[in-house]
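Student: I have a structure open and would like to go through it with you. Can we take it step by step?
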Amino acid sequence: MITPNLTESPSAAKRDAMSNGTPRIAVARSNGRGRHAGRAGMARMILVAASATLLAGCITVNAPSKPIVIELNIKIDQNVVYSLAGDAAKTIDENKGIF
Amino acid sequence: MAGKFGSKALMAAMAAGIAVAAFAGSAAAQGRDPAYAAARAAGQVGEKVDGYLGVVGGGSPDLKRIVEDINIRRRALYAERAEAQHATLETYAFTSGCRLIAQTEPGEKYQGPDGAWLTRGSGPAVRDSRCY
């Protein structure tokens, strides 16, 4: 069995812990809030974490400032035009109402 | 069966009926909306190089709606047929446009290769060099 060695006397530990009726938390407080910052701070942290999680799935869509120009010159392959000629003719003949 | 009208009159009536039906049938085979057909004949709409219908100059809201409706249906058809042929929609639409411009009637409007509206004459239409 290991005997615990207190730095100060046992009475000192008891005295400091119960100084004003509530247990003191011996944690370094750099900005006055610290890791466990009370119930309001905890709620705020949860809110920030939740909104960050929700917002992480958002995708920002910006419309292009210039109109989208489809360059017909680039996309048309004459060989493909030749091969599609027959099917296009058939499609037009079968759907005269819209052609 | 003919009764007091006589068989000759009945035959004549039947012939007239068939003639009317044939005329109506040919118009239905065209299938074009009468407003669209009228606008086409008047040169208010024209065939574009990209395979869609365009309004020539200013158009009434009704005309624009007709043209947009036709173009939406054309696009759906092009998409379906292009996928079946393993081609891009743009290429299929362009190929259809080549044929549609070639099939314009004299007096109808179509888009020349430089984008300007032309009126179809009795000769062949002026088409993009990539047309077949």
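This is a predicted model: local features need pLDDT of at least 70, side-chain atom pairs count only at pLDDT 80 or more; totals for chains, interfaces and linings use all residues.

Student: What is the secondary structure of chain B?
Tutor: Chain B has four helices and four strands. Along the sequence they run in the pattern α-α-β-β-α-α-β-β.

Student: And what share of chain B is buried?
Tutor: Of the 132 residues in chain B, 34% are buried. The chain exposes about 7600 Å², with carbon and sulfur atoms supplying 60% of that.

Student: How much of the contacts in chain B comes from residues 24 or more positions apart?
Tutor: Such residues account for 42% of the contacts with a separation of 6 or more.

Student: Where is Asp33(B)?
Tutor: Asp33(B) is in the loop between α1 (7–30) and α2 (34–41) of chain B. Its relative accessibility is 37%, so Asp33(B) counts as partly exposed. From Asp33(B) to Ile66(B) is 33 residues in sequence, and the C-alpha atoms are 9.0 Å apart.

Student: Changing topic: how much area do chain A and chain B bury between them?
Tutor: About 2400 Å², of which 65% is on carbon and sulfur atoms. In chain A, the residues that lose the most area to chain B are Leu84(A), Ile98(A) and Phe99(A), together 27% of what that side buries.

Student: How many residues does each chain put into the contact?
Tutor: Chain A gives 22 residues and chain B gives 28 residues.

Student: How many salt bridges and polar contacts go across?
Tutor: One salt bridge is found across the interface, and nine residue pairs are in polar contact. The salt bridge pairs Asp87(A) with Arg81(B), their closest N and O atoms being 2.7 Å apart.

Student: Which helix supplies the largest share of the side of chain A that touches chain B?
Tutor: That is α4(A), with twelve residues. By class, this side of chain A has twelve nonpolar, five polar and five charged residues.

Student: What about Thr91(A), buried or exposed?
Tutor: Thr91(A) lies in helix α4 of chain A. It counts as buried because its relative accessibility is 3%, and the cut-off for buried is under 20%.

Student: Which residues is Thr91(A) in contact with?
Tutor: Leaving aside neighbours within four places in sequence, Thr91(A) is in contact with Phe99(A), Leu77(B), Arg81(B) and Tyr92(B). Of these, Arg81(B) is the partner of Asp87(A) in the salt bridge.

Student: Now the whole structure. How many salt bridges over all chains?
Tutor: The search finds ten. One of them joins Asp93(A) and Lys96(A), at 3.7 Å from N to O. Asp93(A) is partly exposed at 42% relative accessibility, and Lys96(A) is partly exposed at 30%.

Student: What does Arg74(B) form a salt bridge with?
Tutor: With Glu47(B), the closest N and O atoms being 2.9 Å apart. Arg74(B) is in helix α3 (residues 61–85) and Glu47(B) in strand β1 (residues 45–47) of chain B, so the pair ties together parts 27 residues apart in sequence.

Student: Are those two buried or exposed?
Tutor: Arg74(B) is buried at 0% relative accessibility, and Glu47(B) is also buried at 0%.

Student: And how far apart are the closest N and O atoms of Asp50(B) and Lys48(B)?
Tutor: They are 3.8 Å apart, and the two residues form a salt bridge. Asp50(B) is partly exposed at 24% relative accessibility, and Lys48(B) is partly exposed at 23%.

Terms used
Residues are numbered from 1 along each chain as its sequence is written. Chains are lettered from A and ligands numbered from 1 in the order in which they are written. Side-chain values use heavy atoms; hydrogens and water are left out. Helices (H or I, at least four residues) and strands (E, at least two) are DSSP runs, numbered from the N terminus. Buried means under 20% relative accessible area, exposed over 50%, partly exposed in between (1.4 Å probe, protein chains only). Contact means heavy atoms within 4.5 Å. Accessible areas come from the Shrake-Rupley method with a 1.4 Å probe; for residues, only the protein chains shown count as cover. Buried area is the accessible area (1.4 Å probe) that two parts lose on being put together, summed over both. A salt bridge is a side-chain nitrogen of Lys or Arg within 4 Å of a carboxyl oxygen of Asp or Glu. A polar contact is a pair of N or O atoms within 3.5 Å; within protein, one must be able to donate a hydrogen and the other to accept it, and residues adjacent in sequence count only if both atoms are side-chain atoms. Ala, Val, Leu, Ile, Met, Phe, Trp, Tyr, Cys and Pro count as nonpolar, Asp, Glu, Lys and Arg as charged, and the others, Gly among them, as polar.
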